[in-house]
Amino acid sequence: MEEASQNTETVKKVFIQTYGCQMNEYDSNRIFDTVKKIGLITQVAEEADVLLLNTCSIREKAQEKVFHQLGRWKRWKDDKPNLVIGVGGCVASQEGDAIRRRAPYVDLIFGPQTLHRPEMLKKVSRGQKIIQTKRHARQKVRNFIPEYAFQQTQHHGIKAHLAITKGCNNHCSFCVVPFTRGRERSRDPKSILEEIGVLFGKAFLIILGENVNSYKANGVDFVELLHRLDELENLQRLRFISPHPKDFHEELADAFVTLPSLCEQMHLPLQSGSDRILRRMRRWYTMETFYEKVAMLRDRLPEATISTDLIVGFPGETEEEFEMTMEAVRTIRFDLIYSFKYSTRPGTRAAEYPEHLAEDEKSKRLQILLETQGKIVQEKNEALVGSIQEVLVQGKHYRKNSITGRTRGNHSVHIDDSCAIAGDLLSVRITGALQNSLEAEIISTSTVLS
Ligand code: 5AD
Ligand code: SF4
C-alpha cells in the first residue's frame, strides 16, 4: 500500500479498477497521483473505502463489463453503506444517465477530463454525491490536458506510457471517442519532456494519443517530437499508438530509419478493405493510398512489422465488401490484427445508418477473418525461425525457468533461461514458432537497466 503524501482529516483507502486501452491505464496512473494527495491506494478491493472504476465505452461489450462490476460492488455496499463507488472515464462520460438509472447507488460519476481533481474525491468521501452527466449523447465534452508532469506512482518496471495528445477531431462514423474525450489537444513539448524527467531511466517508452501522429504544439510536430525523444539517455525503445493513416507520410517513414530507438513496428489501422465502406466510415483514405503508406514503410524497412485494426459487419457491408477486407489482409499480410465486430455506439453517425447486420453474420465474418489471419501469422512466425533478433526482457514467464520479452518488431518471445532479468537486452536466435509467440535461445546479453 502507498502512503498518503498529505494529511487529511479522514484518510481513505482507494481501489481503482481499470478497463480498456493503454490510454485508460495511463489515466488511472494519473488518478493514483490525485488519490495520493488525499488518501491511500490499496490493491485489495475488499479493504477499500472508495472503489473507482475507470471505464471504456469503445464497444458495447466493454461497457457491459462496467455494469457487471458495479453489480458486484453494490452487494458489498449493501453490507458496508459508507462504501463510496465512483465511475470515471469514457462510460461515465457517455452513459452517465444510464449509470444513474441502472446503478443509482453510484456516488461519483466523472468523465476522463476531470480525473485530476482531488477535491471531487474529498467531497464524496464526506458523503456528497457528484454526478457529471451529459445532456445528450452527441454533446461534446470540453477537453484539456493537465500539463503538469505527474509522478506515475504505480509505474514500476522498464516500461512507461506517456500521453502526448488527447481527444480526436476525426469523427469516424462508428467511433464514440470524440464524444467521450472531446476535441483533440496536443500537449506542450516542455511538459512532455518534464514528465520524461520523472520517467528517467526507463528503457522503453510508449507514447500515446487517440490520433497520436497528428501531434502539433508550439511549433513542434510529431516527427520533431520523435527526434527529441530519441535523444533521451538510456532509451532503448520507442513506440507510439494509435496513429491515423492519413497522417502517415514520408518524413514519418524516414524517422523509422534514422531514429535508433524507434522500433521497426507500425500500427496502421485500416478498418475495412472497401473504399465505399471507408467513405461511410469517414476514414479519409482509399485502399490505393493505404497500400502506398504500407509501401512507404516496407520500401525503407522490409523487416518492419505492421499491425492493424479491422471492423467486420459495418452497417451495409455486403459479402463482396467483406471479401475486399479479406483481400487486403491476404495481400498486406499484417503481422497482427485487432479485429472487431461492428458495435453500435450511441450518438455516432453510423448508429443511424440503415442496413445493420445480424449479430450471427458479423460473428461468421469475424471467424473467417481470424482463421485466415491465424494462418498468416503462423507462416510469418515460421519464417523467423533461425533469424537473430534483439529481445528486451520483460520478466519471468509462468513456465518454470523461462523468461519472456519482445523483439523490436513486437513479437512475444519465450526463452528457457533463469538468469536474465527485466531490462536485459538479449541477442537471440529464434528456435521455434508458436501460434502467438516465438521461442528462442540466447546468443549474448547486455544489461541496460541496473
Ligand atoms: N465497433 C467496433 N469496433 C470499433 N472500434 C472503434 N469503435 C468501434 C465500434 N463502434 C475499433 C476500431 C478502432 C479500435 C480502437 O476499436 O477498429 O481502431
Ligand atoms: Fe475514433 Fe477515428 Fe478518432 Fe480513432 S481516429 S479515436 S477511430 S474517431
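Modeller: Before we zoom in, one term: accessible area here comes from the Shrake-Rupley method, run with a 1.4 Å probe. For the protein chain, that surface comes to about 19800 Å², and 49% of it belongs to carbon and sulfur atoms. Keep in mind that this is a predicted model. The chain has 450 residues, and 57% of them are buried. Its secondary structure comes to 13 helices and 21 strands. If you take contacts between residues at least 6 apart in sequence, 72% of them join residues at least 24 apart.

Now for ligand 1. Which residues are around ligand 1? They are Ile58, Arg59, Phe174, Gln271, Asp309, Ile311, Phe340, Lys341, Tyr342, Ser343 and Arg345. Sort that shell by class and you get 5 nonpolar, 2 polar and 4 charged residues. Let's look at some polar atoms next. A polar backbone atom of Phe174 is 3.0 Å from a nitrogen atom of ligand 1. With Gln271 it's the side chain: one of its N or O atoms is 2.7 Å from an oxygen atom of ligand 1. How much of ligand 1 does the protein cover? On its own, ligand 1 has 400 Å² of accessible area, and the protein covers 86% of that. Strand S15 (305-312) and strand S16 (336-341) are the elements that give two or more residues to this shell.

Let's move on to ligand 2. Phe174 turns up here as well, alongside Cys168, Asn170, His171, Cys172, Cys175, Val177, Pro178, His244 and Arg283. By class, this shell has 6 nonpolar, 3 polar and 1 charged residues.

You'll find His171 in the loop between strand S8 (165-166) and helix H5 (177-181). Its phi is positive, about 55°, although His171 is not a glycine. Arg282 is another case, with a positive phi near 60°. Its place is the loop between helix H9 (275-281) and helix H10 (287-300).

One more backbone detail: the peptide bond from Ile241 to Ser242 is cis, with omega near 0°. Most peptide bonds are trans. Ser242 lies in the loop between strand S13 (237-241) and helix H8 (250-258).

Terms used
Residues numbered from 1 in each chain as written. Chains lettered and ligands numbered in written order. Predicted model: local features only at pLDDT ≥ 70, side-chain atom pairs only at ≥ 80, totals over all residues. Heavy atoms only, no water. Near = heavy atom within 4 Å. Polar contact = N/O pair within 3.5 Å; in protein donor to acceptor, adjacent residues only side chain to side chain. Helix = DSSP H or I, 4+ residues; strand = E, 2+ residues; numbered from the N terminus. Nonpolar A, V, L, I, M, F, W, Y, C, P; charged D, E, K, R; others polar. Buried < 20%, exposed > 50% of the residue type's maximum accessible area, 1.4 Å probe, protein only. Contact = heavy atoms within 4.5 Å.
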